[in-house]
Amino acid sequence: IARHYSSGKYYAVQNGMRLSYNLKKWLPPPPHPASKIYLPHFLCFGNFEKDMYNYYGHEIDHFHPVGSLRGGYYLNALRSKSINQRFDICLISEWEPSLKDNQKFPEIGQGIAITDNYLLRYSKIHDVKICIATRSADYREIDYFLQAFGERAVIIKNDRETMSTYRAIDESNVSVTAFSTAGVE
């Protein structure tokens with residue numbers, strides 16, 4: 001719209017991590033007009049996004065690296081003043097039912113499975129306290145992790161209102177993820 005209607009002001013706010021998929025593979029090939037992203041103003045997480053959008057040849061008039069709005073809200077409004085380190089490792093879940101059978105992007109599901117399996121192996125070798133910050137409150141996700149980790153991990157069910165994932169990250173020494181936006185934030 002911003003290309004064709006110049007009377008308005010347009011701001012895009014980054015709401016998640018962006019990968020090469022988002023900036024190349026998921027877009028139609030040239031000469032399709034949507035093969036290049038155009039944004040007059042882009043409120044993004046940081047310079048990584050600026051470098052990546054420029055690398056793929058997209059047209060961004062003004063980058064505004066402001067960090068994560070969601071992460072900033074947690075830090076300024078919900079974060080406890082005293083943080084208790086309860087866990088050695090927090091696994092930030094990226095579980096999604098479609099990832100198991102996703103034939104279009106199988107490497108995403110494979111990457112998540114590899115991350116989960118490495119952490120499970122590590123937990124069997126070392127005596128570590130693990131929490132898993134679930135992506136959703138879906139019972140299938142919780143069952144997946146209960147079957148995979150059993151008693152080796154504490155499941156922290158996702159609560160968007162209290163921002164439970166961010167709290168679990170704060171209460172852990174190390175956070176592990178394959179590509180979760182919360183991990184980047």
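Colleague: Which element gives the largest share of the lining of the largest pocket?

Modeller: That is α7, with three residues. The elements come from DSSP runs numbered from the N terminus, with at least four residues of H or I for a helix and at least two of E for a strand. Please keep in mind that the model is predicted: local features need pLDDT of at least 70 and side-chain atom pairs pLDDT 80 or more, whereas totals for chains, interfaces and linings use all residues. Residues are numbered from 1 along each chain as its sequence is written, and side-chain values rest on heavy atoms, leaving out hydrogens and water.

Colleague: What makes a space a pocket rather than a cavity?

Modeller: On a 1 Å grid over the protein atoms alone, a cavity is a set of points where a 1.4 Å probe fits but cannot get out, while a pocket is an open set with protein on both sides within 12 Å along at least five of seven lines. Lining residues have an atom within 4 Å of a point. The largest pocket holds about 760 Å³, a volume filled by probe spheres set on points joined across faces, edges and corners.

Colleague: Which residues come closest to the centre of the largest pocket?

Modeller: Of the 32 lining residues, those are Arg-70, Arg-135, Ser-180, Thr-181 and Ala-182. Helices α1 (20-25), α4, α7 and α8 (181-184) each bring at least two residues to this lining.

Colleague: Why is the contact between Arg-135 and Glu-96 called a salt bridge?

Modeller: The term asks for a side-chain nitrogen of Lys or Arg within 4 Å of a carboxyl oxygen of Asp or Glu. Here the closest N and O atoms are 3.0 Å apart, so the pair meets the cut-off. Arg-135 sits in the loop between β5 (130-133) and α6 (139-149) and Glu-96 in the loop between β4 and α4 (97-100), so parts 39 residues apart in sequence are tied together.

Colleague: What makes Arg-135 and Glu-96 partly exposed?

Modeller: Buried means under 20% relative accessible area and exposed over 50%, with partly exposed in between (1.4 Å probe, protein chains only). Arg-135 comes out at 37% and Glu-96 at 30%, so both belong to the middle class.

Colleague: How many salt bridges does the whole structure have?

Modeller: The search finds four. Another of them joins the side chains of Arg-79 and Asp-170, at 2.9 Å from N to O. Arg-79 is partly exposed at 37%, whereas Asp-170 is buried at 14%.

Colleague: How do you know that Arg-86 and Glu-171 form a salt bridge?

Modeller: Their side chains meet at 3.0 Å from N to O. Arg-86 is in the loop between α3 and β4 and Glu-171 in the loop between α7 and β7 (172-176), so this bridge ties parts 85 residues apart in sequence. Is each end buried or partly exposed? Arg-86 is partly exposed at 39%, and Glu-171 is buried at 13%.

Colleague: What makes β1 and β3 edge strands?

Modeller: Three strands form an open sheet in the order β1-β2-β3 with parallel pairing. β1 (11-13) and β3 (59-65) each pair on one side only. Two strands pair if DSSP finds at least two bridges between them. Strand β2 (residues 38-44) and β3 share six bridges, so they qualify as paired.

Colleague: What makes Met-163 worth a look?

Modeller: Its phi is near 55°, a positive value in a residue other than glycine. Most residues other than glycine have a negative phi, and most peptide bonds are trans. Met-163 lies in the loop between β6 (153-156) and α7 and is buried at 9%. As for peptide bonds, the one from Pro-30 to Pro-31 is cis, with omega near 10°. Pro-31 is placed in the loop between α1 and β2.
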